[in-house]
Amino acid sequence: MLTEEDARRLVLAKIDDVRNHGEYDLQIQRVEALPFGWIFYWGAVQDGRRGRRPLLGGNGPILVDRENERVIGLPTCTPVARQIADYERRLRREAHARNRAAKLAAHQRVTASPASDPGCP
């Protein structure tokens with residue numbers, strides 16, 4: 001399970017990939033805690049020469065899931081709240097699928113034929 005500091009390091013590494021393709025000073029600007037992890041908002045730092053932040057395209061927030069250590073770059077074309085709700089639905093579907101698989105496996109163990117057990121007469 002990730003800590004917020006671990007998640008921050010993962011996000012900074014992802015931002016460094018972008019930094020290598022431009023001449024901007026990029027940093028994490030805000031972090032929001034979520035029930036399953038964090039969302040990191042990032043962008044260019046204010047340009048001292050011009051007195052304002054440079055405009056960046058494609059710097060959507062980065063979602064980090066603490067349980068499964070997913071790092072997901074979110075697009076800027078969809079509201080963040082909607083993307084978080086979509087991700088929460090995805091987590092519920094995955095949990096449901098895991099529970100169903102576990103129940104099926106348990107059922108198969110219980111209904112296995114005792115004749116296949118060499119210890120039975």
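Contact here means heavy atoms within 4.5 Å. The views below come from a predicted model.

View 1. Leaving aside residues up to four places away in sequence, Asp-65 touches Leu-2, Phe-36, Arg-70, Tyr-87 and Leu-91. Asp-65 is buried but has no salt bridge. Arg-70 carries the nearest side chain of opposite charge, at 4.6 Å.

**View 2. Polar partners of the Asp-65 side chain.** The side chains of Asp-65 and Tyr-87 are joined by a polar contact of 2.6 Å. The Asp-65 side chain also reaches a backbone atom, the nitrogen of Glu-67, at 2.9 Å.

**View 3. Glu-69 in the loop between β3 and β4.** The loop lies between strand β3 (62–65) and strand β4 (71–73). Most residues other than glycine have a negative phi. Glu-69, which is not glycine, has a positive phi near 60°. Its relative accessible area is 45%, making Glu-69 partly exposed.

**View 4. The hairpin of β1 and β2.** Strand β1 covers residues 26–34 and strand β2 residues 37–44. The two strands pair in the antiparallel sense, over eight bridges. Two residues lie between β1 and β2 in this hairpin. Gln-27 stands opposite Gly-43, a residue of β2.

Notes. Residues are numbered from 1 along each chain as its sequence is written. This is a predicted model: local features need pLDDT of at least 70, side-chain atom pairs count only at pLDDT 80 or more; totals for chains, interfaces and linings use all residues. Side-chain values use heavy atoms; hydrogens and water are left out. Two strands pair if DSSP finds at least two bridges between them. Helices (H or I, at least four residues) and strands (E, at least two) are DSSP runs, numbered from the N terminus. Buried means under 20% relative accessible area, exposed over 50%, partly exposed in between (1.4 Å probe, protein chains only). Lys and Arg count as positive and Asp and Glu as negative; His and the chain ends are not counted. A salt bridge is a side-chain nitrogen of Lys or Arg within 4 Å of a carboxyl oxygen of Asp or Glu. A polar contact is a pair of N or O atoms within 3.5 Å; within protein, one must be able to donate a hydrogen and the other to accept it, and residues adjacent in sequence count only if both atoms are side-chain atoms.
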